[in-house]
Amino acid sequence: MATNVAALAVTSRFAPRGLRARDFVGWLWASPWILGFLLWTLGPMLWSLYLAFTQYNIIRTPLFVGFDNFTRAIQGADRLFWPSLGRTFAWAFVMVPLSLAGSLLTALLLNQGLRGTALLRTIFFIPSLTPAVALAVLWRWIYQPDFGGLNHLLRSAGVTSPPGWLTDQSLSMPSLMVMTLWGAVGGGTMLIFLAGLQGVPQELYEAAEIDGAGRTARFRHVTLPLLTPTIFFNLVIGIIAALRTFTTAFVATGGGPNYSTWFYILHLYQTAFQNLELGYASALAWIFFVLVVGLTTMNLRLSRRWVYYESEAAS
Amino acid sequence: MTTFADSSPPATAVMRPSRRTVRTLALYALAIPLAIMFATPFAFSLGSSLKSVSEIHAFPPTFLPAVPQWTNYVAVFSLRGVPFERFYMNSAVITGSALVGTVITAAISAYGFARFRWPGRDFMFMVLLSTLVLPEEVVLIPKFLMFNNVPKALIGKTLIDTYWPLILPSWFGGGAFNVFLLRQFFMQVPREFDEAAVIDGASSWQIFWMIMLPLSRPALATVAIFSFLGHWNDFIHPLIYLNTSDKFPLSLGLRYFQQQPTDAMEPREHLLMAASLLMVAPAIAIYLAAQRYFVRGIVMSGIKG
C-alpha cells in the first residue's frame, strides 16, 4: 500500500500503540468529509437539540425552558403545528403513490423499444430540470385566472367562469400537486425505474413465455418482484422529498390562501427566520427529524416483507 | 424481421404482425398525449415570453404571439429596479465556487474511503450513507447561527449576507452523495494500477492525481453536473442567508422580480417568463450536452447495495 514517507515521519511520533502511520493517511484523505460531517451536520444537530429546550431570539442568550417548546407544539398552543404537520403527511400520502406510479408508467413506456424513445425521454425529463422557483413562477402564470393558459383552455372548452386555481382555498392543494407532479414524474425516479427495468434478465421473460405466461402475468410475476428493490429505494427517497416540500409552495402560494398550503417546513421557516423564535423552531426541527428517521426505519423494517433481493450482491 | 425474434407458437404467427401493430399503436396513443401534457406548460411559457406588452394581457388570451418578440430576452437584462444580469452573475459566482469545492474535496474524501484501511472506516461509511436520508432542515437554524454568532465572536462581524455560508460548506466533502458516488467509482479502478505505481515509487498523492483522477473523468463530470444543478437551483439557503437584493442569485432574484408591484398599464409577465426560461436554459443545455453522464449518475444513486 502507498505510504507517504513524510506523513510517516510526522505521524509516527504521535501514533498511539497499535495504530500505524498509514491508518492516518486514510483518515487524512477522508478528513474533508469527516470534518464537514462534524462541522456542518453533527455539531449543528447537537446545537439544535440544545436550542430546542430553550427560548432564544438571537439578541438575548438562550433561556432554558425544559420541555416547554415541545408541549407548546403538541398541546396545541401553536395553532398551526398540527394542521401543518397533518397537511404535510397527507400531501406525502397522496403524492408519493401518484408520482411513483407515474414514474413507473413512463419508465415502462420508455422501455418498449418504441421509435422516438430518446425524444420522449427528453420531453418527460426536461420539466424535472426546472428549478423549483422557476417552476412555481411558470405555473402561477399558467394558473393565472384571467390571462393564464389553463383558464383560457377551459373557456374555449365552454366553461364560463373557471376558478382561481391558487387563490381558491379548496383548489390550492390539488393545483400544487399537479405542478409538482409535472416536475417530478419524469425525473430521476423515472430514470432509476428505467435502469431497474433494463436490469431484469431477458432469460426470465423468455422462460416465463415458454411457460405460457401472458404480458400481464410476466409483469406481475417477473418484472414486479425484480423491481421491488428499485421501488423501495424510490419510495424512501420520495417520502422524504415530499415531506420536505417548501420552495414550490413558498413561491407559488406563500402558504395561503388562508393557510391551506402551509406546509411543515414553511411553518419552521416562518417560526425561525420571520418570528425569530429560534428555540421553538429548533424543537419543530427535531420533531420533524425524529418523524422522518422513524418513518425511514419503519420502511426499512417493513421492506423485509416485500422487497425481493435476487442475490445479496455487495456493492 | 423482429417478428421472428418472439418465440411464440407457430399457429399464431399469421396473426402476429397485426396484433403487434395494434399494440404499438396503443402505446403511441398513450405516449403522445403524455408527451403533450409534459410539453404544453413549457410551450405556453415560451409563447408568453415572446409576446408583446399589448398581447400579454389581451382578452381573450392567445396561445402564441402574432410576431415573436425575441428582444424580450434582451430586455430582461435592462429592467428598472430588477438587476437581472447581476442575479445571473451572482448565481454563476456562487455555483462555480461551490462546484469547484465539491469536486475537489469529494474526490479527496472518496479516495480515502476507497483505497485505505483505517480504524473506523466502515463505521464512518455507514454514517455517510445514513446522512443521505437526513433532512437538512434540522441543521438550518444552527448553521445560520454558525455564520452569524461564531464569526461575530471571532472576527467581530457576521457572515450573514455574504456568500460564505453558501460556498464554504461545499469545500468539506461536497455532500455525502458525491463522496459515495466517487467512492463507488474509485473502487472499480483495478488495484494493480496503484501497486505498479507504488513499485515505481509513487506517493498516494501522485497515485490520486495521476491515476485516479484521469481515470474517473466520467464520475467527476457527473458530480460536477449534480453540484451545478443543486447550487443553481438552491432557494432555501440564499433565502436564509442573503438580505441585499444586489447579492441575490437567480432563484431569489426571480422571486424578487415576481413580487415587484405590477403596473396595470405595463404588464411584465412576458419578461418574467423570459427570465424563468433563462434560468432553466443552462440546466437544459448541460443535460443535452452530457446526457450519458447524467443518466449514469442518477442510475448509480439507485443501485446502492
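## A buried pair in chain A

At 14% relative accessibility, A:R218 counts as buried, where buried means under 20% relative accessible area, exposed means over 50%, and partly exposed lies in between (1.4 Å probe, protein chains only). A:R218 forms a salt bridge with A:E209, and the closest N and O atoms of the two are 3.7 Å apart. The term salt bridge stands for a side-chain nitrogen of Lys or Arg within 4 Å of a carboxyl oxygen of Asp or Glu. A:E209 counts as buried as well, at 19% relative accessibility. As a general point, side chains of opposite charge can pair when their charged atoms come close.

Please keep in mind that this is a predicted model, in which local features need pLDDT of at least 70 and side-chain atom pairs count only at pLDDT 80 or more, while totals for chains, interfaces and linings use all residues; side-chain values use heavy atoms, with hydrogens and water left out. Residues are numbered from 1 along each chain as its sequence is written, and chains are lettered from A, with ligands numbered from 1, in the order in which they are written.

## Other salt bridges

Over all chains, the structure holds 7 salt bridges. In one of them, the side chains of A:E277 and A:R72 meet at 2.9 Å, N to O. A:E277 lies in the loop between α13 and α14 of chain A and A:R72 in helix α3 (residues 68-74) of chain A, so the pair ties together parts that are 205 residues apart in sequence. Helices here are DSSP runs of H or I with at least four residues, strands are runs of E with at least two, and both are numbered from the N terminus. A:E277 is partly exposed at 25% relative accessibility, and A:R72 is partly exposed at 29%.

## Where the two chains meet

Let's turn to the interface. In total, 89 residues of chain A are in contact with 102 residues of chain B, contact meaning heavy atoms within 4.5 Å. The size of an interface is often given as the accessible area lost when the parts come together. For chain A and chain B the buried area is about 8700 Å², and carbon and sulfur atoms give 78% of this area; the value is the accessible area (1.4 Å probe) that two parts lose on being put together, summed over both. A:W29, A:W33 and A:W40 supply 12% of the area that chain A buries against chain B, more than any other three residues.

The rule finds 1 salt bridge across this interface: the side chains of A:R244 and B:E137 meet at 2.9 Å, N to O. A:R244 is partly exposed, with a relative accessible area of 30%, whereas B:E137 counts as buried at 7%. Helix α2 (residues 21-51) of chain A gives the most to the side of chain A that touches chain B, with 21 residues. By class, that side has 61 nonpolar, 18 polar and 10 charged residues. Ala, Val, Leu, Ile, Met, Phe, Trp, Tyr, Cys and Pro count as nonpolar, Asp, Glu, Lys and Arg as charged, and the others, Gly among them, as polar.

## Backbone details in chain A

Most residues other than glycine have a negative phi, and most peptide bonds are trans. The peptide bond from A:G256 to A:P257 is cis, with omega near -5°. A:P257 sits in the loop between α12 (247-252) and α13 (264-274) of chain A. Both A:G256 and A:P257 are touched by A:S172, whose other contacts include A:W165 and A:T261, leaving aside residues up to four places away in sequence. A:S172 belongs to helix α8 (residues 172-184) of chain A and counts as buried, at 0% relative accessibility.

A:I58 has a positive phi, near 75°, and its place is in the loop between β1 (54-55) and β2 (63-64) of chain A. A:L276 also has a positive phi, near 55°, and lies in the loop between α13 and α14 (278-306) of chain A.

## Confidence in chain B

Chain B has a mean pLDDT of 86, and 91% of its residues reach 70 or more; pLDDT is the predictor's confidence in each residue, from 0 to 100. Over residues 1-13 of chain B the pLDDT is below 50, and this stretch has 7 contacts in the model beyond near neighbours in sequence.
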